[in-house]
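Thanks for coming, everyone. Please have a look at the sequence and the model on the screen, and I will walk you through it.

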Amino acid sequence: MLVKYKIIHASDLHLGYPFLYLPNQTAQKRRDDLKEIFGQIIDLAQAEDVPLLLWAGDLFHQDEYLDEDLSRFVREGFATLNNTKVLISPGDSDPATPYSFYSSHEWPANVHIFKNGWEKISLDDFNINVYGYGLQGKEEDPLEAMKKLTPEDPQAINIMLIHTHNEKNPDNPIHPLDLQLAGVHYAALGHSHKHELFKAENRIIGSYPGSPEPLEFSAEGSRGINMVTFNIQTPQVHFTPISRRQHFNIELEVTDIKSIEEILEKIKLIIPAEKREKDLFKVTLTGALDIEINLNTEHLEKAMANDFFHVELQDNTYPDYNLNNFLKEKNIKSAFILRLKNLLENEEDPRRKRVIEKALYYGLDAFLKEKVKLR
Ligand SMILES: [Mn+2]
């Protein structure tokens, strides 16, 4: 008989994340968002009556201190899942050290935390074996651990649960071959904050669900968790968006803009009101800025603060000086411009180019305004 069921595969919520790039109050709201997302995952597990909730590490972000309330909140949440076995493989942000929540707190009976090398948990009713491996410190190499895994029962659905952080080789990506060699039907992975599917011969063999809520500006788009079903031993992965807010990086070209007010208007025009109140925006101003405009990003951010959940500005503009006109003058100013233009043309490194560009405009500020505006 074919039993129809779904399992949840989630990872990298990073509860307690500091959000250091945000003002304190906003950072606190974001930490509350993470708790809310945790609650949503619990609700989903209940609504879908999942027999398994797999957590592939970095549930907590416990770098500096342990928040007892957060631990209680999570344990109470898991305890409400009467029909669900919760399996956790700790990650590099929440390794199962002797002082971690995982080792020092009492967890509900339906929760199992992997922290002793490879362990197997079987769900006999569903013919599922989950092989889990938890990180206990930051020095372990999950890839090496994978090589030691040998699933015992080829008739069962064999799942591997692991957080793939690799201290010695942080950029070493997981290769589908690594997963194939592990000999499992589905690798429930954690660590990458971006959703990713791994396939071999057109079959899904593993996946990163990614972080269910974006943590950084580089994480654009909606984020979520995996709902996994099995057709005998073949997994089907349904990525389920769940994130509360999104990050947007927006560029605004200011070349034809005549005032600060116009910049504000343009930003509001690009970003609809409902998104302003909800999402997080980084607006990068580019192009030639009218030299009459006195741009102070901090003031501008304050002027917009009431209309936005979070907005920050990056000033990448350059002053709209007419260099060709200056060059006609044949004086110390034109000699300065000529010298720096020369340096610019001969420089290949984009970072050094930007430094020379800045020097050029700082110099011109000094010549023309007798005051240098840092940018
Ligand atoms: Mn991680």
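**A walk through the fold**

Helices (H or I, at least four residues) and strands (E, at least two) are DSSP runs, numbered from the N terminus.

Before I go on, two words about the source. This is a predicted model, where local features need pLDDT of at least 70 and side-chain atom pairs count only at pLDDT 80 or more, while totals for chains, interfaces and linings use all residues. Residues are numbered from 1 along each chain as its sequence is written.

Now, the sheet around that pair. Six strands make up an open, mixed sheet in the order 4-3-2-1-11-12. At its edges are strand 4 (111–113) and strand 12 (234–241), each pairing on one side only. On average, neighbouring strands here are turned by 20° against each other, ignoring direction. Angles run from 0 to 180 degrees between N-to-C directions, and axes are lines fitted to C-alpha atoms, for helices over the stretch in contact. Helix 1 (residues 24–47) packs on this sheet and touches strand 1, strand 2 and strand 11 (224–231), its direction making about 165° with that of strand 1. Contact here means that the C-beta atoms of two residues, placed from the backbone, lie within 7 Å.

Strand 9 pairs with strand 10 (residues 203–208) in the antiparallel sense, over five bridges. Opposite Ile-204 of strand 10 you will find Lys-199, and opposite Tyr-208 you will find Glu-196. The hairpin has two residues between the strands, and Glu-201 in it takes a positive phi near 50°.

Next, the helices towards the other end. Helix 10 (residues 332–346) and helix 11 (residues 350–369) pack at about 170°, with axes 9 Å apart. That makes the two helices roughly antiparallel; angles under 35 degrees count as roughly parallel, over 145 as roughly antiparallel, 65 to 115 as roughly perpendicular and the rest as oblique. Among the residues in this contact are Phe-336 and Leu-340 of helix 10, and Ile-356 and Phe-367 of helix 11. By class, the contact has nine nonpolar, one polar and three charged residues. Ala, Val, Leu, Ile, Met, Phe, Trp, Tyr, Cys and Pro count as nonpolar, Asp, Glu, Lys and Arg as charged, and the others, Gly among them, as polar.

Finally, let's zoom out. The domain assignment gives domain 1 (7–241) and domain 2 (247–369), with bounds that come from an automatic or database assignment. Their C-alpha centres lie 43 Å apart. Six residues of domain 1 and five residues of domain 2 make the contact. Along its principal axes, the C-alpha trace of the protein spans about 85 × 45 × 40 Å.

Methods
Pairing = 2+ DSSP bridges.
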